[in-house]
Amino acid sequence: MADKTPERLEWAAATLAPGPADHILEVGCGHGVLLSLLAERLTTGTITAIDRSDKMVAAARARNAGHIASGKIAIRQAELASADFGGKTFDRILAVNVNLFRLKPARELAALRRLIDAEGKLFLFFEPPSPAQAEPIAEKLAANLEANGFRVAHKTFIVLGSAQGVCIVANPA
């Protein structure tokens, strides 16, 4: 029996709603489940994914071998702040449950400002451990983004089973 796709990842793919030619960066790709969902929506677009964990990169590569072979997806082990993308920029950048954006994200957000197109969008998705944490997490993310060169376009909250999902969408300021 195939694993069920987590509702938060289905929601993230629908919310991101990439165009067929978009160039996307996923920070912290984990097992690569969301990559699979997004790649199905692309024709000439591409997804670049990074994760700090060699184990997660290996799992994401195995799951997405066909999309990698077709050139739609590239996955590598890297930390965002020090990753070199060779001058490439992205239409959409996303992260799901990546805590560094809540902590001291100045270096990482500076890296994202260099990587995002002038008209690009940054999507930060979280599924907090308890629904009561959704609003505080959203406020902390929004404050960090505003303090580091982004303009928050909107916040979205959604019920995900017994949990609550948060998405902050921001643009470069």
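Is Arg-8 buried, partly exposed or exposed? Arg-8 is partly exposed, with a relative accessible area of 28%.

First, some ground rules. This is a predicted model, in which local features need pLDDT of at least 70 and side-chain atom pairs count only at pLDDT 80 or more, while totals for chains, interfaces and linings use all residues. Residues are numbered from 1 along each chain as its sequence is written, and side-chain values use heavy atoms, with hydrogens and water left out.

Now step back and view the protein chain. Its secondary structure comes to six helices and seven strands; here helices (H or I, at least four residues) and strands (E, at least two) are DSSP runs, numbered from the N terminus. Reading from that end, the order is α-β-α-β-α-α-β-β-α-β-α-β-β.

How is all this packed? The C-alpha trace spans about 40 × 40 × 30 Å along its principal axes. A compact globule of 173 residues would have a radius of gyration near 16 Å, and the 15 Å of the protein chain agrees with that. This radius is taken over C-alpha atoms, and the globule rule is 2.2 Å times the number of residues to the power 0.38. Of the 173 residues, 47% count as buried. Take the contacts (heavy atoms within 4.5 Å) between residues at least 6 apart in sequence: 66% of them join residues at least 24 apart.

Next, let us turn to charge. The protein chain has 20 positive and 18 negative side chains, and the centres of the two sets lie 3 Å apart. In this count Lys and Arg are positive and Asp and Glu negative, with His and the chain ends not counted; each charge is placed at NZ of Lys, CZ of Arg, CG of Asp or CD of Glu. Side chains of opposite charge can pair when their charged atoms come close.

How many salt bridges does a search of the whole structure find? The search finds three, where a salt bridge is a side-chain nitrogen of Lys or Arg within 4 Å of a carboxyl oxygen of Asp or Glu.

Here Arg-8 returns: its side chain meets that of Glu-127 in a salt bridge, at 3.2 Å from N to O. Arg-8 sits in helix H1 (residues 7-16) and Glu-127 in the loop between strand S5 (116-126) and helix H6 (134-147), so the pair ties together parts that are 119 residues apart in sequence. Glu-127 is partly exposed too, at 25%.

Another salt bridge joins the side chains of Arg-92 and Asp-22, at 2.9 Å from N to O. This pair also links distant parts of the chain, with Arg-92 in strand S4 (residues 90-96) and Asp-22 in the loop between H1 and strand S1 (23-27), 70 residues apart. Both Arg-92 and Asp-22 are buried.

The remaining pair is Glu-139 and Lys-155, whose closest N and O atoms are 2.6 Å apart. Glu-139 lies in helix H6 and Lys-155 in strand S6 (residues 150-160), so this bridge ties together parts 16 residues apart in sequence. Glu-139 is partly exposed at 39% relative accessibility, and Lys-155 is partly exposed at 33%.

Notes: Buried < 20%, exposed > 50% of the residue type's maximum accessible area, 1.4 Å probe, protein only.
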